[in-house]
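Try each task before reading its solution.

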Amino acid sequence: MEEDIDGDLADLENLNYDDLDSVSKLQKTQRYIDIMQKVEEALQKGTEVSIQGVDLEDDPEYQLIVECNALSVDIENEIVIIHNFIRDKYRLKFPELESLVHHPIDYARVVKKIGNEMDLTLVDLEGLLPSAIIMVVSVTASTTTGKPLPEDVLSKTIEACDRALALDSAKKKVLDFVESRMGYIAPNLSTIVGSAVAAKLMGTAGGLVALAKMPACNVQLLGAKKKNLAGFSTATSQFRIGYIEQTEIFQTTPPPLRMRACRLLAAKSTLAARVDSIRGDPSGKTGRLFKDEIHKKIEKWQEPPPAKQPKPLPVPDSEPKKKRGGRRLRKMKERYAVTDMRKLANRMQFGVPEESSLGDGLGEGYGMLGQAGSGKLRVSVGPSKLAAKVAKRFKEKNYGSSGATSGLTSSLAFTPVQGIELTNPQAHAHHLGSGTQSTYFSETGTFSKIKRT
């Protein structure tokens, strides 16, 4: 292990960063040459290829597609390496350009177009960059601190730009080949997400069989990159979404529903990949059914909720009530009946102002209460049948007395002869009964003292 580390360090020390061939080695490899030759031959043959009756793993077209997917990833990494080489060399001439043009291929095209020219008004950048970026680049170039490059450095930079553009065209050829064959390798998957996205999903997963064995939640994350927002809000950023966000269905879905659409697309894509892995439906009919189902569900999500229907009134009950009348019901009605006082308070006499609690018509009005001339809010209380019945029942009951007199009992009596007469209210209580008690004691006699001899 130590020998491997020492060998790597020696290679890094001996690496010449001024030499492009020592930095970029992909185009010289035999694997790159063989795959690109097979791709060009396949593109010349056209898309008239039949894979019926052949096992998917043994099909040479499928094997080439898997190799092309792996090669496209290597080409992207190689383009990044060459882009860093170009920036390092061209930074002496135009240091601000790398902050204005971020895409590696656009940067390589602009560098090749400008070259060693210091006056950018003489350079036509139309078609390479948007108009706004071209204006910013021209203004920045007029105030740059860069100096013209030496001829050897400029030639190496132009050669690196040519190599980056060649790799980009090779990558496009590989993607075109993969997309053209995806209609035969995975027709149902290509119908749902498109050939380009299907090729990327298949390449990242490691083949169609590996994609078919993968759960839908993992298919949703294929191609997802960790986004560094530098402290900004994550409210509008779409996390946990990979290549599926490049599909047409995802882009046409309203933003609030995109996460649900992404989960639905991942689930249906997994089912379509499983159908394609066993050659279940080469015509792609299953994929079209899945796609129609996805569109219907998304349209259903966007429908407004149904309008609230007015609730009809209940059917009037014209039948007589089965509740019988009786003593309990009469007592309840009498207890909650409107009193005469409340009836007068609710009634007003025409042309006569009513009295109120706060005066001058303010507060609670008293209606016809107190309008009899007395000025008092009084009304005669009618006899209550319920109270009369209760008093009668109370009298009928024979309650025992404890002998205590009431505090309201008076010893004054009004007689027609003498007027006010003082009497003993407890006189009747001491009257003795008849029989032996009335003859045993004398009403006028007193106790006599008898002496014993």
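Predicted model: local features only at pLDDT ≥ 70, side-chain atom pairs only at ≥ 80, totals over all residues.

**Exercise 1. Locate the largest nonpolar core.**
Work out which members of the core touch the most other members, and where the core lies relative to domains 1 and 2.

*Solution.* The largest nonpolar core has 77 residues, and Leu 97, Leu 208 and Leu 211 touch the most other members. Domain 1 (17-48 + 56-185) and domain 2 (187-228 + 239-305) both supply residues, so the core lies between them. Now zoom in on Leu 97: beyond its neighbours within four places in sequence, Leu 97 contacts Tyr 90, Tyr 107, Val 110, Val 111 and Val 137.

**Exercise 2. Follow helix α6.**
List the buried residues of α6 and say which helices they pack against.

*Solution.* Helix α6 covers residues 104-114, and its buried residues are Ile 105, Tyr 107, Ala 108, Val 110, Val 111 and Ile 114. The buried residues of α6 pack against α4 (60-90), α5 (97-100) and α8 (151-185). Just past the end of α6, Gly 115 has a positive phi of about 65°.

**Exercise 3. Compare directions in α4 and α8.**
Decide whether α4 and α8 run roughly parallel or antiparallel, then examine Thr 157 in α8.

*Solution.* The axes of α4 and α8 come within 9 Å and cross at roughly 160°. Angles over 145 degrees count as roughly antiparallel, which makes α4 roughly antiparallel to α8. Their crossing is left-handed. Thr 157 sits in α8 and is buried, with a relative accessible area of 0%. Leaving out neighbours within four places in sequence, Thr 157 contacts Ile 86, Lys 89, Tyr 90, Val 111 and Leu 149.

**Exercise 4. Describe the α14 and α15 pair.**
Find the packing angle of α14 and α15, the hand of their crossing and some of the residues that meet.

*Solution.* Helix α15 (residues 285-302) packs with α14 at an angle of about 165°, their axes being 10 Å apart. That makes α14 roughly antiparallel to α15. The crossing is right-handed. Among the α14 residues in this contact are Leu 264, Leu 265 and Leu 271, and the α15 side includes Phe 290, Ile 294 and Trp 301.

**Exercise 5. Contrast Ser 269 with Arg 279.**
Is Ser 269 buried or exposed, and what is the phi of Arg 279?

*Solution.* Ser 269 belongs to helix α14 (residues 258-277). At 2% relative accessibility, Ser 269 is buried. Apart from neighbours within four places in sequence, Ser 269 contacts Leu 189, Ile 192 and Val 193. Arg 279 lies in the loop between α14 and α15 and is partly exposed at 23% relative accessibility. Most residues other than glycine have a negative phi. Arg 279, however, has a positive phi near 55°.

Notes: Residues numbered from 1 in each chain as written. Heavy atoms only, no water. Core = buried A, V, L, I, M, F, W, Y, C linked by side-chain atoms within 4.5 Å. Buried < 20%, exposed > 50% of the residue type's maximum accessible area, 1.4 Å probe, protein only. Domains from an automatic or database assignment. Contact = heavy atoms within 4.5 Å. Helix = DSSP H or I, 4+ residues; strand = E, 2+ residues; numbered from the N terminus. Axes fitted to C-alpha atoms, helices over the stretch in contact; angles between N-to-C directions. Parallel < 35°, antiparallel > 145°, perpendicular 65-115°, else oblique. Left-handed = near helix turned anticlockwise from the far one by under 90°.
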